Structure formats: structure tokens, C-alpha cells
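Subject: Handover of a structure, with notes

Dear colleague,

I am handing over the structure we spoke of, and I would be grateful if you could look through it alongside the notes below.

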Amino acid sequence: MATSTGADLPTVDDDSRVYWDGYREGRFLIARCGACGRVHHYPRPICPFCWSDQVAPSPASGRATLYTYSTVYMNDLAPFRDRLPYVAAMVDLEEGPRVMTTVVGCEPAELRVGMALVVDFQPLSDELTAPVFRPAL
Ligand SMILES: [Zn+2]
């Protein structure tokens, strides 16, 4: 794992802590609105569809499809320079939200738009774990 300077790590606050705790425990949580029933991700305390604050974590299936991607071969900024090449991707979660992430576990040349992916979890530090995606078997 690349060494983190700390500056590249997400800031965990009271609204996002439950999601980060879930990732660390291997549970992929997304946000569901109790008012309109729609889901979104990344989680926000206010529903982006109806502006309700009745948003709560909800388990997601972890299944997704690859919408688009780019393989990054050059990036001089930490921690990315230690991860080259890496895949910056947008994936469509089974529940609907389109999210920015990275795809791991295969060569970039093996990626195909529309391919099935599943969530995996990648530690960023002792406290933080990020959801990533890998090809579904
Ligand atoms: Zn809503």
C-alpha cells in the first residue's frame, strides 16, 4: 500500500462516519432517503432529489457495471504516483447511482464498458477503508 501523507485521505465527519465504519467492516452502504425512497452515493445528509434530511445508510448489493473508465499512466501527486497505472472509473451501482471509483484486480486491457463488477474494500490507512470495484467472477 502506498504511504499516505494524510493530506490525501478523506475527512470523516459525523454525517459520513457510519459509511466509513461500514467500509472498514466490509459492508457497502449507500444513502437512502426516507421521504422519497431514492438512493444516492456518495452519501449526503440532504437528499439530492427531494431535499429531505431523512437520509439513512442502506446496504447495497455491491454489484455494479462499468460505465466508463480511463487508465492513468502519469500522475506525479502522492499517493497516486505510487499506484501507477491505475484505473479511474465511473460505475453504475445496481441500485442506480453512478459513482466515481477505481477498478482493481485486472489488467486495464481486460476492462470492457458494461462489464460486471463487484465491490471490494481497500485500506487507505489504519482507520480508513475505501470501496473499490473488481471484475465479477
Ligand atoms: Zn428524497
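Predicted model: local features only at pLDDT ≥ 70, side-chain atom pairs only at ≥ 80, totals over all residues.

Residues are numbered from 1 along each chain, as its sequence is written.

Overall fold

The protein chain has one helix and eight strands, where helices (H or I, at least four residues) and strands (E, at least two) are DSSP runs numbered from the N terminus. Read from the N terminus, the order of the elements is α-β-β-β-β-β-β-β-β. The radius of gyration of the protein chain is 15 Å, close to the 14 Å that the globule rule gives for 137 residues, so the chain is as compact as a globular protein of that length; the radius is taken over C-alpha atoms, and the rule is 2.2 Å times the number of residues to the power 0.38. Along its principal axes, the C-alpha trace spans about 45 × 35 × 25 Å. Of the 137 residues, 20% count as buried, a residue being buried if 20 or more other C-beta atoms lie within 10 Å of its own, exposed if 12 or fewer, and partly exposed in between, with C-beta atoms placed from the backbone. Among contacts between residues at least 6 apart in sequence, 52% join residues at least 24 apart, where a contact requires C-beta atoms, placed from the backbone, to lie within 7 Å.

Three strands form an open sheet in the order S2-S1-S3, with antiparallel pairing; two strands are taken to pair if DSSP finds at least two bridges between them. S2 and S3 stand at the edges, and each has a single partner strand, so one side of each is left without a neighbour in the sheet. S1 and S3 are joined by five bridges and run antiparallel, and Leu29 has Pro59 in S3 as its bridge partner.

The other open sheet has five strands in the order S6-S5-S4-S7-S8, and its pairing is antiparallel. Its edge strands are S6 (98-102) and S8, each of which pairs on one side only. The twist averages 40 degrees from one strand to the next, with axes being lines fitted to C-alpha atoms (for helices over the stretch in contact) and angles running from 0 to 180 degrees between N-to-C directions. S5 and S6 pair in the antiparallel sense over five bridges; Val91 stands opposite Val99 in S6, while Ala89 has Thr101 in S6 as its bridge partner. Four residues lie between the strands in the hairpin of S5 and S6, where Gly96 takes a positive phi near 125 degrees.

The core

The largest nonpolar core has 22 residues, and those with the most contacts inside it are Val91, Val103, Leu117 and Phe133; such a core is a set of buried Ala, Val, Leu, Ile, Met, Phe, Trp, Tyr and Cys residues joined through C-beta atoms within 7 Å. At least two residues of this core come from each of helix H1 (17-24), S1 (29-33), S4 (63-72), S5 (86-93), S7 (116-123) and S8 (129-135). Leaving aside residues up to four places away in sequence, the residues that Leu117 touches include Leu66, Val91, Val103 and Phe133.

Individual residues

The loop between S2 (39-40) and S3 (55-59) contains Pro48, and Tyr42 and Trp51 also lie in the loop between these strands. The peptide bond from His41 to Tyr42 is cis, with omega near 15 degrees. Pro48 is exposed, with 12 other C-beta atoms within 10 Å, and from C-alpha to C-alpha Pro48 and Thr68 are 23 Å apart in space, though 20 residues apart in sequence. Trp51 is exposed as well, with 10 other C-beta atoms within 10 Å, and its phi is near 70 degrees, a positive value in a residue other than glycine.

A cis peptide bond also joins Leu84 and Pro85, with omega about -15 degrees, and Pro85 is placed in the loop between S4 and S5. Finally, Arg24 in helix H1 is partly exposed, with 16 other C-beta atoms within 10 Å, and its C-alpha atom is separated by 9.5 Å from that of Asp126, 102 residues apart along the chain.

With best wishes

Methods
Contact = placed C-beta atoms within 7 Å.
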